[in-house]
Amino acid sequence: MADAFPLHDRLALVTGAGGGIGAALALGLARKGARLVLVDRDPDGLARSEAAVRALGRDVSTHAVDVTDVERVAALPEAVAARHGPLDLLVNNAGVALAGRFADVELSDFDWLMDVNFRAVVRMTHAFLPMLESRPAAQIVNLSSLYGLIAPPGQAAYAASKFAVRGFSEALRHEYAGTSLGVSVVHPGGVATSIARNARVGPRLDPAEVASGKAAVERHLRLSPEAAAERILRGIARREPRIIVGRDAAQVALIQRLMPVRYWSLIARAME
């Protein structure tokens, strides 16, 4: 595997590109000279991201696709190849959240989150793998989370999905060791996006408790999407296997390594 992965003139696909980290990644890639394929289920967000990329003079196409739609995901590689040629960089960024302790959420909501956060990553990777394998150098980048390193109470579904993304990515990286295809897994800390505000909520939760919990989470979302995207892009260019984003994520990752079983007792006290 090459030591570096220059982004200029690469064809990059970003899911969840209509807002948050995905939109910031799309713009950052465009500034570095990449060509873009933007995927999101929100056509309005896609249009805004497309306009920002086009303003920089970069080639871009958009696809209003829900990444849980099996048939449409399977059809994407042919559409991308017909419009741009082969893909060099796949960024699986799309994600959702679910608020509430495991006993308070519906299994249907748990399955919905797993479908977006994990199964869609698997499907997108599987769909584009033959194309990526054919390139002289290619990269798969999967967004896990700080909660792919630790598992707080109230985040059983989200942590399960992000630990799954981490495990899938690490196994895939080991399978392609020594080849031209690299795999990076990203662990962002508190990034100021709308994912917490837009989280689904367990039906048995008290509304006041939900509002208080979301406000508490929002206070920890301090890093801008643009700063997070810049860190991720540096990691991609360096082909880093694990990309830790934010001081909070770096600190928590260290605590988890030092206290792999009892980390939450220390982190909970620090949060209080």
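Lys162 is buried yet makes no salt bridge, and Asp40, the nearest side chain of opposite charge, is 13 Å away. Here buried means under 20% relative accessible area, exposed means over 50%, and partly exposed lies in between, with a 1.4 Å probe and protein chains only. A salt bridge requires a side-chain nitrogen of Lys or Arg within 4 Å of a carboxyl oxygen of Asp or Glu. For charge, Lys and Arg count as positive and Asp and Glu as negative, while His and the chain ends are not counted. This is a predicted model, in which local features need pLDDT of at least 70 and side-chain atom pairs count only at pLDDT 80 or more, whereas totals for chains, interfaces and linings use all residues. Residues are numbered from 1 along each chain as its sequence is written, and side-chain values use heavy atoms, with hydrogens and water left out.

Lys162 sits in helix α5. Leaving aside residues up to four places away in sequence, Lys162 touches Asn117, Leu143, Ser144, Ser145, Tyr147 and Gly148. Contact means heavy atoms within 4.5 Å.

The chain as a whole comes next. It has nine helices and nine strands; these are DSSP runs numbered from the N terminus, with helices (H or I) of at least four residues and strands (E) of at least two. A compact globule of 272 residues would have a radius of gyration near 19 Å, and the 18 Å of the chain agrees with this. That radius is taken over C-alpha atoms, and the globule rule is 2.2 Å times the number of residues to the power 0.38. Along the principal axes, the C-alpha atoms fill a box of roughly 50 × 40 × 30 Å. Of the 272 residues, 51% count as buried. Among contacts between residues at least 6 apart in sequence, 72% join residues at least 24 apart.

Seven strands form an open sheet with parallel pairing, in the order β3-β2-β1-β4-β6-β7-β9. Two strands pair if DSSP finds at least two bridges between them. β3 (60-64) and β9 (242-245) are the edge strands, each pairing on one side only. On average, neighbouring strands of this sheet are turned by 15° against each other, direction ignored. Axes are lines fitted to C-alpha atoms, for helices over the stretch in contact, and angles run from 0 to 180 degrees between N-to-C directions.

Two of the strand pairs can be followed in detail. β1 and β2 run parallel and are joined by five bridges, with Leu11 opposite Arg35 in β2. Six of the six residues of β2 are buried.

Helix α4 (residues 107-133) touches β1 (11-15), β4 (89-92), β6 (138-143) and β7, and its direction makes about 175° with that of β4. Helix α5 (residues 156-175), the helix of Lys162, lies across β6, β7 and β9 and runs at about 155° to β7.

Side chains of opposite charge can pair when their charged atoms come close. The count comes to eleven salt bridges. One of them joins Glu230 to Lys32, with the closest N and O atoms 3.5 Å apart. Glu230 lies in helix α7 and Lys32 in the loop between α1 (20-31) and β2 (35-40), so this pair ties together parts that are 198 residues apart in sequence. Glu230 is partly exposed at 33% relative accessible area, and Lys32 is partly exposed at 32%.

Glu240 takes part in a salt bridge with Arg231, at 2.9 Å between the closest N and O atoms, and in another with Arg238, at 3.4 Å. Glu240 and Arg231 are both buried, Glu240 at 15% relative accessibility.

Arg239, in the loop between α7 (225-237) and β9, has a positive phi of about 55° although it is not a glycine; Arg239 is buried, at 5%. Asp9, in the segment before β1, has a positive phi near 65° and is likewise not a glycine. Asp9 is partly exposed, with 44% relative accessibility.
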